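Come along and look things up with me.

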Amino acid sequence: METLESELTCPICLELFEDPLLLPCAHSLCFNCAHRILVSHCANNESVESINAFQCPTCRYVITLSKRGLDGLKRNVTLQNIIDRFQKASVSGPNSPSETRRERTYDTNNSMTSSEKVLCQFCDQDQAKEAIKTCVTCEVSYCDDCLKATHPNKKPFTGHRLIEPIPDSHIRGLMCLEHEDEKVNMYCVTDDQLICALCKLVGRHRDHQVAALADRYDKLKQSLESNLTSLIKRNTEMEMLLTKLIQTCQHVEVNASRQEAKLMEESDQLIEIIQQRRQIIGTKIKEGKVVRLRKLAQQVANCKQCIERSTSLISQAEQSLKEADHARFLQSAKSITERVSMATASSQVLIPEINLNDTFDTFALDFSREKKLLECLDYLTAPNPPVIREELCTASYDTITVHWTSDDEFSVVSYELQYTIFTGQANVVSLCNSADSWMIVPNIKQNHYTVHGLQSGTKYIFIVKAINQAGSRNSEPGKLKTNSQPFKLDPKTAHRKLKVSHDNLTVERDETSSKKSHTPERFTSQGSYGVAGNVFLDSGRHYWEVVISGSTWYVLSIGP
C-alpha cells in the first residue's frame, strides 16, 4: 500500500492526485498544482492566460499550452480511477493500514501531544470541546460531534487522514520563506535548506540538487545520532575526569593539611630540641660559673687572711722602729725582721694569677653550621648529581678505586656504583639506557669505593647514583682503565730442556738441563718444547713484543 500510495502522489503537493492532468511527457500533475505553477510564472499585472508554457516538475520537459491553457491538456482518467479504487480500499478511513501508519508517524514525531490539551477548532460554542481527532487534510482538529458533521463516511471525506489530536502549529508544519502559502516538502542539498516545490520549479533552487525530506531526515538523523553518541561518550569521559579532578582536589586538601600538621610537628620538635640544648648548655655555664666563683671565693678568703696577718706584723714592725734604745731595738728587731721576711715571701707564693677578662673560653659556642642548616630548611629533594673525580681515582691490573664528590652530602642517604665494560663511544648512551649490562654496588656510605676482580688493561664506564628518600640522580659517566698485567714466563711450566732466566722474561734451549722436578703443569712433549706465561686472559685487546733468535721454527698460541 505504501508503494502504491507513493505512485499516486503529486510531486508538487505531495498529496494524492486531485483532478490529474496527463502531460505530453506521460507524467501527471494535479490541475490546481499546474495552475499554481502558471501563477508563479506570472509577472506583475500579468494574467495566467498569457503563460503558454511550463516545465514538467518530474522530468523538466517543456509543456507548450494551447489557447485553452490547462483545459487544453487531457485529464488522466485512468489515474483518477485508480485513486478512487485506492480510496475505496481504505473505506475504513482513519482505521485503514495507511492511516494507522501515518498516525503512528505523527504520534512518534509529536510525542508532546499526549501532555497537551487540544480543543476543537470547529465548535461554535463559547467553550470549545476537547478534540478527539485532527484531520491532516483539512488541517483542523475536531471534537466528536463536529467530526461526525463534517466528515461523513463517503467520498471525498473517506480519503482524509485523521490522527490523534495535535496542536495546530504541528499539523500545519513549516512554511516556505519565499512562498508564504507553500509548505516545505523537499530539501535543497546545494544550499542546505528546506524549500517548497515552487522553489525547485521556478525559484532560485531550480538547478540545485534536492532530496526528499525523508531521505535527508534519515541521513541527518543518523549523523546526529552518531555525533550524539560521541558527545555522550565524551561527556561521560569528562564527567569521569571531573570526578577525578574533584577527588584530586580533595586529596590535595587532605595532603596539604597533613603536610602542614607534619611541618608544625617537626618544627615543634626542633624548637623543643633547641630549648633542651639551651637548657643543658645554660646549666653547664652556670656550673662553670659556680666553680669559678668558689675558687675565687677561696682566693679572696686567703687574701683577707694574709692581709690581716700582714697588717698585725706591720703594726709590730712600726712599733719596733720607734724604739730609740739600741739595745732594746736589737733585742726585738731580729725576730720581727725574720717574721717580716717570711711574711713577704709567703705572700708572694699566695698571690694567685688573676684573669680579669675570663671569657669562658672552654664554653665557646659556634652554631654557624646549625644556623646554615636551619636557614636551608625545606622539603627534601633528590640530591644533586655527584661528580666522579677521575684525577683522584687509582687502578691496578684488576682493581679500580673510584672517588666522587657531592655538593649536598647532608641530604644523601647512600650511593650506588654502577659499572660495565666500555666498548666504544657510540655505545655510551645505549649502555646507560640498558640496565642488564651493568654491575651494581648498592648502599655505599663513603665517597669512594674499590672494585675488585676486573680485567687487566680494560676500560670501564662508571656511574655514581646519589640516593635519598626523595629520589636519586646519576653522575655523568666516567671512563677508567685497569693497568695491563706484565707478562712473565712461568718456570713451573717450562719443558725439562728449556731454561728460564731469573727475571722470567727469557727462555732458551738447554739440553743439559734435565733434572727439573715433575709438575702437572710442566710441558712434557718429546717433539716440541714449551713454556706458559703467567697472564690469564678472558677478553679485551692485549699486546706484547717477542724477540726470537737462534731458531727457525716457533709457535705462539693462546689457549683456554
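Here are my entries, grouped by topic.

**Entry 1: before I start**

I note that this is a predicted model. I keep that in mind for each entry below.

**Entry 2: the helix α8**

I looked up α8, which runs over residues 213–321 and has 109 residues. How far does α8 reach from its first C-alpha to its last? I find 153 Å, close to the 162 Å expected at 1.5 Å a residue.

Next I checked which residues of α8 are buried, and Gly288, Gln299 and Cys306 are among them. Leu313, Ala317 and Ser320 in α8 are buried too.

**Entry 3: the sheet with β9, β10 and β11**

I turned to an open sheet of three strands, and I wrote down its order as β10-β9-β11, with antiparallel pairing. Which strands stand at the edges? They are β10 and β11; each has a single partner strand, so one side of each is left without a neighbour in the sheet. From one strand to the next, the twist averages 40°.

I then followed β9 to β11: the two run antiparallel and are joined by three bridges. Methionine 186 stands opposite alanine 212, which belongs to β11.

I looked at an open sheet of three strands with the order β7-β6-β8, and its pairing is antiparallel. Its edges are β7 (140–142) and β8 (162–163); each has a single partner strand, so one side of each is left without a neighbour in the sheet.

How many bridges pair β6 with β7? I find three, in the antiparallel sense. For cysteine 135, the bridge partner in β7 is valine 140.

The structure holds 11 salt bridges. I picked out two that involve α5.

In one of them, aspartate 145 pairs with lysine 129, and the closest N and O atoms are 2.7 Å apart. This pair links distant parts of the chain: aspartate 145 is in helix α5 (residues 144–150), and lysine 129 is in the loop between α4 (97–109) and β6 (133–135), 16 residues apart.

An α-helix has 3.6 residues a turn, so residues three or four places apart point the same way. Lysine 148 is exposed, at 61% relative accessibility, whereas aspartate 144 is partly exposed, at 34%.

**Entry 4: the strands around β14**

I followed β14 (residues 400–405) through its partners. It pairs with β12 (residues 387–388) in the antiparallel sense over two bridges, and valine 387 stands opposite threonine 405 there.

Strand β13 (residues 394–395) also pairs with β14 in the antiparallel sense over two bridges. Alanine 395 stands opposite isoleucine 400. What do β13 and β14 form? They form a hairpin, with four residues between them.

I then came to β17 (residues 448–451), which pairs with β14 over four bridges, again antiparallel. Tyrosine 449 in β17 is the bridge partner of valine 402.

**Entry 5: rings**

Last, I looked up the aromatic rings and counted five aromatic pairs. Ring pairs link Tyr419, Tyr460 and Phe462 into a cluster. I also found lysine 479 over the face of phenylalanine 422, at 5.8 Å from the ring centre.

Note on methods:
Residues numbered from 1 in each chain as written. Predicted model: local features only at pLDDT ≥ 70, side-chain atom pairs only at ≥ 80, totals over all residues. Heavy atoms only, no water. Phe/Tyr/Trp six-rings, centres within 6.5 Å; stacked < 30°, edge-to-face > 60°. Lys NZ or Arg CZ within 6 Å of the ring centre and 35° of its normal. Expected span 1.5 Å × (residues − 1). Buried < 20%, exposed > 50% of the residue type's maximum accessible area, 1.4 Å probe, protein only. Salt bridge = Lys/Arg side-chain N within 4 Å of Asp/Glu carboxyl O. Pairing = 2+ DSSP bridges. Axes fitted to C-alpha atoms, helices over the stretch in contact; angles between N-to-C directions.
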